[in-house]
Amino acid sequence: MEISLHSSKKHRALGYYINLIRDLITSPKNPFNKLYYADLYCGDGECIVGSTGKKYDPPIIQSLLRPAKEIGFSLSCFLNDLDTDKIARMKERTKIYKDFIEYCESKDANVCFRDILKMIPPDQFSIFFLDPTNHQDLKWSTIKAISEHTHHYHGKTRRPELIINLMTYTMLGSYRSKSFQSINESLGTTEWLEQVEKNKEKGLSAPIEQTFLTVFVNQLKSLGYSVPTPIKITNTSVDNTIYYLVWATNEQGYDIIETRLIPWINDLMQKAQKENKGELKKATARKRGDRSLTEYVSNQNN
Ligand SMILES: C[S@@+](CC[C@H](N)C(=O)[O-])C[C@H]1O[C@@H](n2cnc3c(N)ncnc32)[C@H](O)[C@@H]1O
């Protein structure tokens with residue numbers, strides 16, 4: 001499916017995380033015998049960057065299904081997308097990996113997660129990737145219910161790991177059109193509005209997206225999650241924030257993510273931003289029909 005150039009940054013971040021988890025799961029010391037991975041907004045299994053024409057496989061295929069088949073680690077995937085055409089294409093593109101796919105349906109993510117949880121033993125390592133296009137497509141009640149799929153052991157609690165795309169850009173749109181209810185349903189509280197009002201009274205010009213993020217992180221912590229520093233995903237041409245990738249992890253995994261993953265991903269995001277800007281320039285030049293480097297450079301200077 002056609003994607004924006006900035007989505008390739010999300011995919012690189014996710015791919016990096018999955019590779020790290022794969023290494024942990026396949027290490028001899030690992031206590032888990034299988035990785036359970038649910039992608040509730042999975043798309044159609046193909047990424048085509050609209051502005052550059054570049055094509056690649058999404059992380060679910062590149063970093064999970066293909067390695068599971070090639071190196072043979074134990075994996076159960078749960079795929080879902082509300083769009084029936086996309087899920088049909090996803091089925092087609094992943095048919096050679098069907099042994100690793102336990103569920104592939106076209107339902108509302110806010111409903112089907114309950115069926116998926118029934119197939120995941122709470123004491124096993126599971127990840128839910130929650131990647132909606134719009135904040136309205138992911139309810140806080142869904143996140144809360146997934147977090148309640150717990151296993152208690154030696155005074156600790158294990159919950160499914162979460163990677164959430166917090167769509168602050170669409171939230172901002174709802175805020176501007178005064179559709180507060182959809183934001184309340186995404187964040188599970190009205191606290192964000194009180195915070196925004198307080199900031200205004202104090203004359204603070206804190207970006208509203210930052211308030212959404214802070215409140216969301218606190219909400220995740222109130223469920224019992226540890227939350228490493230979220231990753232900001234910005235647009236390619238202008239640096240405005242489109243969304244944040246937020247990891248909600250068990251306290252046992254927090255240090256690994258915060259120290260081994262987040263700094264690397266932040267570096268990777270900077271590199272990817274530079275590369276994307278370069279690719280965008282080249283694609284724009286190609287579209288304009290620049291035939292030679294001289295012409296390309298001269299157009300850059302005009
Ligand atoms: C941003 S795309 C995600 C793509 C994919 N995760 C990736 O990384 O390539 C969001 C997807 O969510 C689907 N979607 C929107 N609302 C949904 C809902 N309520 N439940 C499940 N899927 C939904 C859309 O059809 C779209 O394919």
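**Close-up views of the predicted model**

**View 1. Surroundings of Leu 220.** Leu 220 touches Tyr 225, Val 227 and Ala 248, leaving aside residues up to four places away in sequence; two residues are in contact if their C-beta atoms, placed from the backbone, lie within 7 Å. The model is predicted, so local features need pLDDT of at least 70 and side-chain atom pairs count only at pLDDT 80 or more, while totals for chains, interfaces and linings use all residues. Residues are numbered from 1 along each chain as its sequence is written. Leu 220 belongs to helix α9 (residues 208–222); helices (H or I, at least four residues) and strands (E, at least two) are DSSP runs, numbered from the N terminus. Leu 220 counts as buried because it has 24 C-beta neighbours inside 10 Å. A residue is buried if 20 or more other C-beta atoms lie within 10 Å of its own, exposed if 12 or fewer, and partly exposed in between, with C-beta atoms placed from the backbone. The C-alpha atoms of Leu 220 and Trp 247 are separated by 9.6 Å, and the two residues are 27 residues apart along the chain.

**View 2. The protein chain as a whole.** The protein chain has 11 helices and 12 strands. Its C-alpha atoms fill a box of roughly 65 × 55 × 40 Å, taken along the principal axes. Buried residues account for 33% of the 302 residues. Of the contacts in the protein chain between residues at least 6 apart in sequence, 72% join residues at least 24 apart.

**View 3. The sheet of 7 strands.** The strands form an open sheet in the order β6-β5-β2-β7-β10-β12-β11, with mixed pairing; two strands pair if DSSP finds at least two bridges between them. β6 (101–105) and β11 (231–234) stand at the edges with a single partner strand each, so one side of each is left without a neighbour in the sheet. From one strand to the next, the twist averages 10°. Strands β2 (residues 35–39) and β7 (residues 125–130) run parallel and are joined by 5 bridges, and Leu 35 has Phe 125 as its bridge partner in β7.

View 4. β7 and β10 run parallel and are joined by 4 bridges; Phe 128 has Leu 162 as its bridge partner in β10. β10 also pairs with β12, in the antiparallel sense, over 5 bridges, and Ile 163 stands opposite Trp 247 in β12.

**View 5. Helix α6 on the sheet and against α7.** Helix α6 (residues 168–176) lies across β10 (161–166) and β12 (241–248), and runs at about 120° to β12. Axes are lines fitted to C-alpha atoms, for helices over the stretch in contact, and angles run from 0 to 180 degrees between N-to-C directions. α6 packs with helix α7 (residues 180–187) at an angle of about 145°, the axes being 8 Å apart. Met 171, Ser 174 and Tyr 175 of α6 make the contact with Ser 182, Ile 183 and Ser 186 of α7. By class, this contact has 3 nonpolar, 3 polar and no charged residues; Ala, Val, Leu, Ile, Met, Phe, Trp, Tyr, Cys and Pro count as nonpolar, Asp, Glu, Lys and Arg as charged, and the others, Gly among them, as polar.

**View 6. The shell around the ligand.** Of the 19 residues around the ligand, Tyr 41, Gly 43, Leu 82, Ala 109 and Asp 137 come nearest; a residue is near a molecule if its C-beta atom, placed from the backbone, lies within 6 Å of it. The shell has 8 nonpolar, 4 polar and 7 charged residues.

**View 7. The loop residue Val 238.** Val 238 is placed in the loop between β11 and β12. Val 238 counts as exposed because it has 6 C-beta neighbours inside 10 Å. Val 238 and Lys 277 are 10.0 Å apart in space, C-alpha to C-alpha, and 39 residues apart in sequence.
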